[in-house]
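Student: Could we go through this model together, one question at a time? I would like to see how each answer is reached.

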Amino acid sequence: MNVRLAPSWRAAAVRSLLLLGTVILIAAVIYLIDGAPTIVRKSRFDELVLFAPSLGRGLSELATETFVLIGVTWLCRDGLKIRL
Amino acid sequence: MTTTAGAPSKTFVLSVDTLLLVLCLLLMSPRLTGLSLHEWFGVALILPVLVHLLLSWRWIVTALKRAFVPARRRDFVNLLLNAMLLVSTTVVVVSGLVISRVALPRMGVETIDDRVWRTTHNNWTDVMWVFICAHIAMNWRWIAKVADRFIPEWQKEL
């Protein structure tokens, strides 16, 4: 199985750096919009408790998300005619 | 899609894409994984996303070249959809890292669970999910063609 990611290691490195640059640019924009995280804006909820693993609720959530994925993909494909 | 010399195997590409999809589904189900695994899966998502983008490099370059040719409006729309997927994924991963309660503190990085960043994380997750669906829809024919090899003949006859 051919697993080459790019014609050469150098090309892979350059492309990865280009992608990293794009990601940094997007991150910088969102940082400018949201500002630095501060203790004043600290969330009142404890997410560790809120998202405590639960098989029943978890499987239900996974099923819902899978259903949404299938539905929206179908809508994009057949309704909005999104294709290459 | 013909096989080009030196191009990665379709099985490898499909494997990476399947891994990405499974990771995304698990990331969308934090009540199943718990916050700790949710964060580690988010960190783990970075590598397959990078591989996926490197594997799609030829498409990215071609799409950028064709994007502003008026007769190729579909190419422009597809490029825009994929660019939005990159933007939304970046925002979700970065905001997730900023508000990390487990993964980053475990690496020795102090974080604050800032509610503005949390709102950004939650809102952009929904946006990302829509663009993931658009991305799958866009590449559906290729996915179906490659996945077809792995469906046993007896099952196709059903």
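Student: At what angle do α3(A) and helix α6 of chain B pack, and how far apart are their axes?
Tutor: Good place to start, and keep in mind that this is a predicted model. Two packed helices are described by the angle between their axes and the distance between the axes. For α3(A) and helix α6 (residues 115-138) of chain B, the angle is about 55° and the axes are 8 Å apart.

Student: Are α3(A) and α6(B) oblique or roughly parallel to each other?
Tutor: Angles under 35 degrees count as roughly parallel, and 65 to 115 as roughly perpendicular.

Student: Which residues of α6(B) make the contact with α3(A)?
Tutor: Let's take both sides in turn. From α3(A) come Leu69(A), Val72(A), Thr73(A), Cys76(A) and Arg77(A). By class, this contact has eight nonpolar, one polar and one charged residues. On the other helix, the residues are Val130(B), Cys133(B), Ala134(B), Ile136(B) and Ala137(B).

Student: Which element supplies the largest share of the side of chain A that touches chain B?
Tutor: The whole contact takes 43 residues from chain A and 47 residues from chain B. In chain A, α1 (9-34), α2 (47-50) and α3 (55-79) each supply at least two residues of that side. The residues of this side divide into 24 nonpolar, eight polar and 11 charged. The largest share, 12 residues, comes from α3(A).

Student: Which element gives the most residues to the largest nonpolar core?
Tutor: This core has 27 residues, and those with the most contacts inside it include Cys76(A), Met128(B) and Ile132(B). The elements giving two or more residues are α3 of chain A together with α1 (10-27), α2 (30-55), α4 (73-98) and α6 of chain B. The one that gives the most, with 10 residues, is α6(B).

Student: Is Ala134(B) buried or exposed?
Tutor: Ala134(B) lies in helix α6 of chain B. Leaving out residues up to four places away in sequence, Ala134(B) touches Cys76(A), Ile82(A) and Leu81(B). A residue needs 20 or more other C-beta atoms within 10 Å to count as buried. Ala134(B) has 23 such neighbours, so the word for it is buried.

Student: What does Ala137(B) touch, not counting residues up to four places away in sequence?
Tutor: Ala137(B) is one of the α6(B) residues in the contact with α3(A). Ala137(B) is also among the residues with the most contacts inside the largest nonpolar core. The residues it touches are Thr73(A), Cys76(A), Arg77(A) and Ile82(A).

Student: How many helices and strands does chain B have?
Tutor: Read chain B from the N terminus on, and the elements run α-α-α-α-α-α-α-α. Its C-alpha atoms fill a box of roughly 50 × 45 × 30 Å along the principal axes. Of its 158 residues, 33% count as buried. The count is eight helices and zero strands.

Student: In which hand does α3(B) pass α4(B)?
Tutor: The axes of helix α3 (residues 57-66) of chain B and α4(B) come within 9 Å and cross at roughly 125°. That makes this pair oblique. Ala63(B), Leu64(B) and Arg66(B) in α3(B) meet Asp75(B), Asn78(B) and Leu79(B) in α4(B). The crossing is left-handed.

Terms used: Residues are numbered from 1 along each chain as its sequence is written. Chains are lettered from A and ligands numbered from 1 in the order in which they are written. This is a predicted model: local features need pLDDT of at least 70, side-chain atom pairs count only at pLDDT 80 or more; totals for chains, interfaces and linings use all residues. Two residues are in contact if their C-beta atoms, placed from the backbone, lie within 7 Å. Helices (H or I, at least four residues) and strands (E, at least two) are DSSP runs, numbered from the N terminus. Ala, Val, Leu, Ile, Met, Phe, Trp, Tyr, Cys and Pro count as nonpolar, Asp, Glu, Lys and Arg as charged, and the others, Gly among them, as polar. Axes are lines fitted to C-alpha atoms, for helices over the stretch in contact, and angles run from 0 to 180 degrees between N-to-C directions. A residue is buried if 20 or more other C-beta atoms lie within 10 Å of its own, exposed if 12 or fewer, and partly exposed in between; C-beta atoms are placed from the backbone. A nonpolar core is a set of buried Ala, Val, Leu, Ile, Met, Phe, Trp, Tyr and Cys residues joined through C-beta atoms within 7 Å. Angles under 35 degrees count as roughly parallel, over 145 as roughly antiparallel, 65 to 115 as roughly perpendicular and the rest as oblique. A crossing is left-handed if the near helix is turned anticlockwise from the far one by less than a right angle, and right-handed if clockwise.
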